[in-house]
Amino acid sequence: MKKLKIASIPGDGIGKEVVPAAIDVLHTVAELHGGLTFEFTDFPYSCEYYLEHGVMMPEDGMKRLSDFDSIFLGAVGDANLVPDHISLWGLLIKIRREFEQTINVRPAKQLPGIQSPLVNPNDFDIMVVRENSEGEYSSVGGRIYRGEDEIAIQNNVFSRKATERAMRFAFDLASKRKGRVTSATKSNGIVYSMPFWDEVFKDVAESYPNVKTDQQHIDALAAFFVTNPSRFDVVVASNLFGDILSDIGAGIMGSIGVAPAGNINVNGKYPSMFEPVHGSAPDIIGKGIANPVGQIWTAKMLLDHHGEEEMGQVLLDVIEETTKNRIITSDLGGSHSTQDVTNEIINRLKAKA
Ligand code: NAI
Ligand code: MG
């Protein structure tokens with residue numbers, strides 16, 4: 001029996017509604033599998049925890065989390081209780097940085113039965129692989145003078161190690177999918193880091209002869225995401241480009257409530273963390289209408305990460321059957337509750353036994 005020890009951090013707002021739903025789904029997946037069990041340990045780290053203890057997590061919090069196979073997180077942030085920069089940096093970003101989760105993976109896929117804001121999206125299925133540790137989001141730079149002489153300098157940092165790591169991840173992923181990697185570049189305008197990015201891409205591509213490649217400048221690429229998303233398979237991008245592209249991906253799916261994400265530690269030293277793209281959705285807390293699909297699809301990514309790709313595919317199939325039958329929440333134009341959607345997914349999984 002394979003046992004996965006998962007730290008669950010529901011966090012704030014609807015995180016507390018969708019994480020338990022997705023955990024029920026994962027237990028059902030384990031039953032269906034037969035040789036797999038999940039042991040979840042709940043951690044109350046959140047804005048409420050901060051109000052009580054003055055910190056988002058205790059001093060030994062990171063050490064305790066490091067014992068788990070993965071972290072399953074809902075959402076962090078409740079600006080009515082704690083300023084966002086304190087809650088996010090004290091928990092979410094702390095975990096991403098200290099656990100060296102250097103790759104951010106975000107799928108964008110047309111779910112049947114869901115209206116994309118695009119008029120004719122065809123059947124898109126994209127994976128954005130975003131370098132998550134350096135690039136444009138570096139803390140190198142500074143500001144001098146004030147007033148009309150003021151200067152701000154922000155340096156981009158691109159190391160061969162991190163660039164190669166993101167690209168290898170993208171190529172490995174593409175090898176298991178449709179076998180195509182598109183590189184997001186801007187070497188016509190950014191004259192040091194992006195030509196370097198292109199060179200590393202070319203080098204890495206040589207060790208994957210079976211994967212087709214192309215590269216696009218980020219501006220054109222952003223337009224193609226909207227006009228013809230079905231032409232892409234895996235897209236590898238720097239921190240900033242990947243951040244923007246993956247949000248376009250979430251946008252064209254039809255609701256942020258369905259978008260999943262994984263923060264991947266590739267050196268195996270620390271757990272990876274799986275969390276949906278959405279936040280704590282303060283406007284719908286407690287109404288029972290939060291879309292659980294983003295969190296449940298995130299659970300599929302957790303399964304894939306632990307080598308349970310077959311079960312991951314079963315779970316995604318069931319999610320698609322559910323949206324196809326229009327068992328969907330109000331953000332997607334439906335009238336079903338969080339629980340209705342969760343029950344539908346669980347029942348469909350049980351029917352596969
Ligand atoms: P948000 O994602 O929480 O909400 C944006 C809009 O989308 C709202 O109208 C919300 O009702 C809707 N929405 C989000 N998820 C939904 C779901 N599953 N089902 C149905 N509707 C859904 O973003 P917002 O309002 O900017 O942030 C709220 C709080 O969440 C802030 O404190 C923010 O810092 C935090 N946040 C945390 C993130 C994380 O933990 N990774 C990511 C984004 C925001
Ligand atoms: Mg973003």
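The model is predicted. Ligand 1 is surrounded by 24 residues, and helix α4 supplies the largest share of them. Positive phi values occur at Asn-122 and at Arg-326.

**Ligand 1**
- Among the 24 residues around ligand 1, the closest are Gly-77, Gly-257, His-278, Gly-279 and Asn-291.
- Helix α4, which spans residues 84-98, contributes 3 residues to this shell.
- Sorted by class, the shell holds 11 nonpolar, 8 polar and 5 charged residues.

- Glu-31 belongs to helix α1, residues 15-33.
- Glu-31 counts as partly exposed because it has 13 C-beta neighbours inside 10 Å, and the partly exposed class falls between 12 or fewer for exposed and 20 or more for buried.
- Glu-31 and Lys-350 are 319 residues apart along the chain, yet 8.6 Å separates their C-alpha atoms.

- Most residues other than glycine have a negative phi.
- Asn-122, which is not a glycine, has a positive phi of about 55 degrees.
- Asn-122 sits in the loop that runs between β4 (103-109) and β5 (125-131).
- Asn-122 is exposed, because 11 other C-beta atoms lie within 10 Å.
- Arg-326 also has a positive phi, near 60 degrees.
- The loop between α10 (309-324) and α11 (338-351) contains Arg-326.
- Arg-326 has 14 C-beta neighbours inside 10 Å and therefore counts as partly exposed.

Notes: Residues numbered from 1 in each chain as written. Chains lettered and ligands numbered in written order. Predicted model: local features only at pLDDT ≥ 70, side-chain atom pairs only at ≥ 80, totals over all residues. Helix = DSSP H or I, 4+ residues; strand = E, 2+ residues; numbered from the N terminus. Near = placed C-beta within 6 Å. Nonpolar A, V, L, I, M, F, W, Y, C, P; charged D, E, K, R; others polar.
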